[in-house]
Amino acid sequence: MKTVYEPYLYNGGVYKHGQVIELIEDVGGFIVNKVVTVAEVDMDMILPREEAPVIEKFAETLLGKLIKSPLTGIEIAVVSPTLASHHLPHSACDIAEYLRHPGAKTTMIGLARGMGRRVALNDDFERRLINEHDIAVFALGSFRDCLMNKKPRLFEGIEIPIVVTGGPDDLTEKDIPRADVYIGNLGRSSSRLRKPGDINALDVMNEKVSELADKMREDLAKDPPAVLPARVMKEIENQVPEVAESLAPSAMTLKLTGVRVKLPYDKYADKIKDVEFEEGVKLTDVADIVKSKMNDYILVNIKPKSEIGFEI
Amino acid sequence: MEPLEIFKVDSPIDSEAEVYKKVISDIISDLRLASSIGRLHSTVLPEESRFDLVAVLRDIESAIAVEDVCSLNSGFEKGKDIIRISIENEKYMPELTTFLWDTYGKINVLQNDRWTIYVFTEEPEAEIEKIRGIFIADPAKSLHANMVELAIRSVPEGFRVRYHTMDGRDFLFVASEDPLEPEWIEDAEIMLNNLKTGEV
């Protein structure tokens, strides 16, 4: 039977957390991210589903807890039509911040010419940048007519699932061309989203985006990547120590089918290509290693099992 | 006229009008305009790409001179001649201190307590006569700037063709994504006249 991996978050004290890490590695899990704040530690991880209770039980003995974090390992682009005060910092930043709660890594993208109704459009660079992510969340405004008839032009060329947030609460994804999910009550706001209505809408958003992510994972399980992205991340971490010196926030970002390595492509691409697994396979054999549109970072896109013919 | 005795935002869809009412009221409170605006009416027509905002302002204060906000006396402190300034209206403190710093230099201006400022100068009496009537703030001018700011911040995104007038207490603003039609401005003028008579 094939192992199903699920994302979790461990929250507990720093004391003896090394034992938790060892146990995670023993059961075949991977640490994606570790943040130590004073005496507390938060660890995002990917675990084999049937091993989660083992970690949970051990966490209890250390007075820590293991929580499901459905968006760990998903990179989300939060796109606003512009970077003007109509969208930022409220509501687009609030949306991005809330998506990070269940573990997602978010990138804020403001389009150069996304404003208005008649003139709104996206350009090729922006489309390619957005397509590097797993999910695109478009933080749009409050006008029903804009949402239904004008702004879908911004979705042209976007090949990843599209989530749209907007003001009207009676619209559905069927009303907005090309949208996969629509979330209402999150339109234009000139104050922080902290009222109960706003928080409810954000909770609904996290729930729906998590459902979408689950569905994407299920679809992916039919033809999984030739190697688990979390494993690639771990191998890169071990074999390319320069990653630890990268000053970028989260130097390696896990995606559904790959990893974004925040090192300059020209200097480090060959090193990344040469990363070797214990089965004797090199990373370049199982993945496309390309230059990312984001700051010339390195993007590792793992090929599916059907293309390679084997899985490690 | 009471502050914001009429505050109305219209749109073909009520929920959109509500959003814009909330946005405009947030911006009014950010810019501290609530006590300056008597009546305000705005219409948002996204499908026609039109945004109108008209307002009738309350009494506008005339320009503020130094002697309007404080009393000035000469004195002797710390072995030096000084102008002793007793603050009577704190609202214009930033403008007053900026004026004093610019005129006498920061080193010669000492705020002794919340209500008292000492200015070290050699001829306090002559200086008092010199600065007494100088205008340090013009509320009408800053109100005009703030009203324009209010209109620009509340306008829907992308409505970059804009027209505004401020005639005494009457403020009128029209914005669109397309070139403005003369009749849109005429409509806004009718809105403003209705607002003045209270027929909203």
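## The loop between strand 5 and helix 3 of chain A

A:S91 sits in the loop between strand 5 and helix 3 of chain A, where helices (H or I, at least four residues) and strands (E, at least two) are DSSP runs numbered from the N terminus. The peptide bond joining A:H90 and A:S91 is cis, with omega about 5°. A:P89 belongs to the loop between strand 5 and helix 3 of chain A as well, and the bond from A:L88 to A:P89 is also cis, with omega near -5°.

A word on conventions: this is a predicted model, where local features need pLDDT of at least 70 and side-chain atom pairs count only at pLDDT 80 or more, while totals for chains, interfaces and linings use all residues. Residues are numbered from 1 along each chain as its sequence is written, chains are lettered from A and ligands numbered from 1 in the order in which they are written, and side-chain values use heavy atoms, with hydrogens and water left out.

## A:E75 in strand 5

A:E75 lies in strand 5 of chain A. With a relative accessible area of 2%, A:E75 is buried; that label means under 20% relative accessible area, with exposed over 50% and partly exposed in between (1.4 Å probe, protein chains only).

What does A:E75 touch, once its neighbours within four places in sequence are set aside? Its contacts (heavy atoms within 4.5 Å) include A:K105 and A:T107, then A:E132, A:H133, A:D134 and A:I135, then A:T253, A:L254 and A:K255, and also A:R260 and A:M294.

## Helix 6 of chain A

Helix 6 of chain A covers residues 196-222, which makes 27 residues. The expected span of a helix is 1.5 Å times one less than its number of residues, so helix 6 should span 39 Å; its end C-alpha atoms are 40 Å apart, which agrees.

Which residues of helix 6 of chain A are buried? They are A:D198, A:A201, A:L202, A:M205, A:N206, A:V209, A:S210, A:L212, A:A213 and A:M216. These buried residues pack against strand 5 (75-80), helix 3 (92-100), strand 7 (135-139), strand 8 (162-165) and strand 9 (181-183) of chain A.

## Helices 1 and 2 of chain A

Two packed helices are described by the angle between their axes and the distance between the axes. In chain A, the axes of helix 1 (residues 17-26) and helix 2 (residues 52-61) come within 10 Å and cross at roughly 170°. Here axes are lines fitted to C-alpha atoms, for helices over the stretch in contact, and angles run from 0 to 180 degrees between N-to-C directions. That crossing makes helix 1 of chain A roughly antiparallel to helix 2 of chain A (under 35 degrees is roughly parallel, over 145 roughly antiparallel, 65 to 115 roughly perpendicular and the rest oblique).

Helix 1 of chain A brings A:Q19, A:V20, A:L23 and A:I24 to the contact, and helix 2 of chain A brings A:V54, A:I55 and A:F58. By type, the residues of this contact are six nonpolar, one polar and no charged (Ala, Val, Leu, Ile, Met, Phe, Trp, Tyr, Cys and Pro count as nonpolar, Asp, Glu, Lys and Arg as charged, and the others, Gly among them, as polar).

## Around helix 1 of chain A

A:K16 is in the loop between strand 1 (5-13) and helix 1 of chain A. Its phi is near 65°, a positive value in a residue other than glycine, and A:K16 is partly exposed at 38% relative accessible area.

A:F30 lies in strand 2 (residues 30-37) of chain A and counts as buried at 12% relative accessibility. Not counting residues up to four places away in sequence, A:F30 touches several residues, among them A:I24, A:Y5 and A:L228. A:F30 and A:L47 are 17 residues apart in sequence and 6.6 Å apart in space, C-alpha to C-alpha.

## Over in chain B

Helix 1 (residues 14-30) and helix 5 (residues 139-154) of chain B pack at about 145°, with their axes 10 Å apart. B:Y20, B:I24, B:I27, B:I28 and B:D30 of helix 1 meet B:L150, B:R153 and B:S154 of helix 5. The residues of this contact divide into five nonpolar, one polar and two charged.

B:P124 lies in helix 4 (residues 124-131) of chain B and is buried at 9% relative accessibility. The C-alpha atoms of B:P124 and B:I82 are 5.9 Å apart, although 42 residues separate them along the chain. B:K78, in the loop between strand 5 (70-77) and strand 6 (80-87) of chain B, is exposed at 60% and has a positive phi near 50°.
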